[in-house]
Amino acid sequence: MDFGSSFLYNEFMKTKQTIIIFKGIYDTLDLFGEQLQMAFSSMGCESFIYDAREQEKSKAALLTMLSDKKRKAAVVTFNNMGYNLEQDGMNVWEHYGVPYIDILMDHPFHFERPLKEMPSTAIVLCTDRNHVKYIRRYYKNILRTDFLPHAGVELGRKHKPLKERNIDVLYAGALPIYTVAKMIPSLDEMYGLDLRDMMQEVLRDLILHPDKTTEQAIEEYVQVSRYAENELSEEELRRVIVHMRFLDSYATSFFREQVVRSLVENGIKVTAYGVGWDQCEWSNNPYLHYGGKVLAPEILPLMNDAKVVLNTMTWFKAGAHDRIFNGMLAGAAVVTDDSTYLRHECTDGKELVMFKRSEITGMPDRVCDLFGHMEQMQEMADKGLAFARANHTWKNRAEYIAECFL
């Protein structure tokens with residue numbers, strides 16, 4: 001959208017907006033918040049930063065600001081930060097009529113309590129269209145929800161040519177199985193369902209049919225299970241899905257490991273960052289370099305020194321991941337598993353390389369082909385950079401939020 005000539009944008013600019021942004025909890029979300037702050041600032045908005053590390057000071061300043069009736073404010077935050085902020089037993093956002101715009105970077109089933117207790121002013125934005133459907137189905141208290149894709153961050157405006165970069169393939173992301181395994185809930189019977197059998201069958205289903213969502217596989221199991229005495233209500237089904245949501249991370253981890261392993265076992269050098277890559281049975285492969293765990297801002301310089309940025313989704317089927325757009329904005333060639341959203345947005349082989357999760361065995365050949373044709377790979381990286389700059393920055397997302405919700 002061209003905001004320079006937009007009537008809505010001009011009307012938006014007439015009213016001075018204060019955008020409330022939370023920080024101080026997760027480094028990744030702080031990075032996104034800083035990008036949004038800069039984007040809204042470039043659009044003429046003021047910013048109020050609520051630092052969770054200084055709760056009392058931040059809250060006092062916030063309430064003083066909100067008490068100014070001449071000021072128009074809105075919250076733009078991630079993963080429910082500050083949703084339940086109270087003053088004298090009342091939700092602050094409801095009391096002052098402040099729009100609470102909540103961008104979920106993960107699946108909604110990870111946020112059961114916050115979503116059930118959202119303020120009436122909440123607008124929940126999801127990074128996958130299936131997540132929008134999930135909220136509309138199970139959280140009738142949330143009146144407004146929409147799709148907002150992930151976005152990327154560009155570090156500087158000048159990028160080294162691929163042939164001058166030191167990292168062949170970069171994977172920045174943990175293997176969830178090594179952390180989630182410690183958080184598996186009780187697998188006793190639930191609503192007449194054998195949860196241990198469900199765990200095995202749903203995981204098998206997701207591995208054999210990797211385009212299914214986890215909630216879809218769980219619901220299908222429930223529908224045909226011989227253990228269920230009665231048909232489950234919507235509320236009961238939601239509780240089962242939330243209880244078994246760890247299966248989502250197991251499936252993600254399985255395919256993530258298979259993708260990286262397939263590359264290194266075919267002689268392609270991969271540099272991996274994040275928890276778990278040193279614990280695989282094949283971690284001693286000489287083509288795998290493990291860099292340990294690093295903070296989100298430290299990943300961007302690494303991407304700027306990578307020829308290929310490799311991505312696998314966190315089991316998103318109708319969305320994207322910030323690794324894709326960060327990689328493009330680093331001037332790297334991006335290789336990722338696909339989604340219905342990406343197939344609509346991009347052309348395989350033009351701005352990036354996409355592969356299907358059911359066709360991992362052919363992916364190493366495609367990566368080898370990239371390295372065998374450096375000029376074409378550079379051309380694809382350049383097109384990806386231009387594409388992401390035009391469509392997938394946090395400024396793009398801020399403009400959409402301003403147009404639709406402020």
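Predicted model: local features only at pLDDT ≥ 70, side-chain atom pairs only at ≥ 80, totals over all residues.
A residue counts as buried under 20% relative accessible area, as exposed over 50%, and as partly exposed in between, with a 1.4 Å probe and protein chains only. Residues are numbered from 1 along each chain as its sequence is written, and side-chain values use heavy atoms, leaving out hydrogens and water.

**Overall build**

- The chain has 17 helices and 14 strands, taken as DSSP runs (H or I of at least four residues for helices, E of at least two for strands) and numbered from the N terminus.
- Its radius of gyration is 22 Å, close to the 22 Å that the globule rule gives for 406 residues, so the chain is as compact as a globular protein of that length. That radius is taken over C-alpha atoms, and the rule is 2.2 Å times the number of residues to the power 0.38.
- Along its principal axes, the C-alpha trace spans about 65 × 60 × 35 Å.

**Burial and contacts**

- Of the 406 residues, 56% count as buried.
- Among contacts (heavy atoms within 4.5 Å) between residues at least 6 apart in sequence, 69% join residues at least 24 apart.

**Aromatic pairs**

- You will find 16 aromatic pairs in the structure. Rings of Phe, Tyr and Trp (its six-membered ring) pair if their centres lie within 6.5 Å; planes under 30 degrees apart count as stacked, over 60 as edge-to-face and the rest as tilted.
- F109 and Y134 have ring centres 6.2 Å apart and planes at 90 degrees, so this pair is edge-to-face. It links distant parts of the chain, 25 residues apart: F109 sits in the loop between β6 (100-104) and α5 (112-116), and Y134 in helix α6 (residues 129-138). Both F109 and Y134 are buried.
- F254 and F255 also pair edge-to-face, at 5.2 Å centre to centre with 85 degrees between the planes.
- F22, Y50, W93 and Y100 are linked into a cluster by ring pairs.

**A look at D194**

- D194 lies in the loop between α7 (177-180) and α8 (195-208), and at 29% relative accessibility D194 counts as partly exposed.
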